[in-house]
Amino acid sequence: MNKQVNAQRGRPVATERAGVVMTRVGVNLGAEITGVDLRRPLPNEQFNAIEEALVENELIIFRDQDITSENLMAFGRRFGDLTVHPFSPNEAKAPELIKFRNDETTPPFGTDVWHSDETFRAEPPMATVLCAKEVPTIGGDTMFVSMAAAYDGLSDRMQQFISGLEAVHDFKPFKALFGTSEEERKNLQRYELLYPPQVHPVVRIHPVSRRKVLFVNPQFTIGIKGMDERESRMLLDTLFHQALIPEYQFRHHWAPHTIIMWDNRSTQHYAVHDYYPQRRYMERVTIKGGPVTGVERADPESVRKVKFVVTGNVDTHGGHKARQFRREMSDAKN
Ligand code: SIN
């Protein structure tokens, strides 16, 4: 049972369960967790509280956790088996551990684009844990977005239109890592056989919260099944734009020994590459996920019943208010 632990005016409300204190820090996603020591095995009750906090907040932050790589892997394994990323930097003796070690000679690669991790897999990961080892004083933030909030922000008409659609996901951006020699081309072909393009629903249902989530991302989603290239591009551009709306986002500035765990089923993230050539060193583990379940195709009869609404002069350059505005217009006309 969760207990409210501070409700002073002007301060975020914290709740406590089994000594795990959770304080919401973002409107659509994000909570800070205190009261745990990730250097030690978590008692079951604390683990359950953290697992619940992850689903509820989509993103959880642990500060001042000076943990080893082994601690990080052990923490990740409490949630499930870890993935071995086929293209990210790791070491043979611990291939589940990704090491993003960037400095003046090694610029960051491929993480400055909105994405959910590894959606090119048949079963994309359920969560990711990222641990800051060395961070720049200024810059090097990570941005996150709730794709459940992004879905909620779509108009009813668009939600109905995309229900039941499927999208194709591919590891395309990593193909640039392969050279042009005969051997490298053969190597790439081997990976293409191991990781063929995967089809996932455009709107997935979160397996625990049951929230609907917009499940396309500009890094790995390359097309909508059954649409031609132009239609697909237009629709994907519109859906990718939802992640850019600041109201659905949370931005984190790192300090050493901070750990963030995100729910990869319902969020996307973007590593801001503004710090280069400063040093930044992060370690990451990724937890395997299960099958992706989508929403059913909308009943065409119910689609026809949606009222036609004149939207007026809605600002098309952003704004999560468009949906609310259309609702108000709709109400005003009735
Ligand atoms: C990632 O995409 O997992 C990297 C995030 C980061 O380095 O901030």
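**A tour of selected salt bridges**

Start by selecting Arg211, which is partly exposed, with a relative accessible area of 34%. The model in the viewer is predicted. Arg211 lies in the loop between strand E12 (203-205) and strand E13 (212-214).

Arg211 and Glu58 form a salt bridge, with 3.7 Å between the closest N and O atoms. Glu58 sits in the loop between H1 and strand E5 (59-62), so the pair ties together parts that are 153 residues apart in sequence.

Move to Arg17 and Glu52. Their side chains meet in a salt bridge, at 2.5 Å from N to O. This pair also links distant parts of the chain: Arg17 belongs to strand E2 (residues 14-17) and Glu52 to helix H1 (residues 44-57), 35 residues apart.

Now select Glu91 and Lys99. A salt bridge joins their side chains, with an N to O distance of 3.1 Å. Glu91 counts as partly exposed at 34% relative accessibility, and Lys99 counts as buried at 18%.

For the last stop, select Asp117, Glu118, Arg121 and Arg284 together. Salt bridges with shared partners join these four residues, Asp117, Glu118, Arg121 and Arg284, into one network.

To continue beyond these stops, note that the structure holds 23 salt bridges.

Key. Residues numbered from 1 in each chain as written. Predicted model: local features only at pLDDT ≥ 70, side-chain atom pairs only at ≥ 80, totals over all residues. Heavy atoms only, no water. Helix = DSSP H or I, 4+ residues; strand = E, 2+ residues; numbered from the N terminus. Buried < 20%, exposed > 50% of the residue type's maximum accessible area, 1.4 Å probe, protein only.
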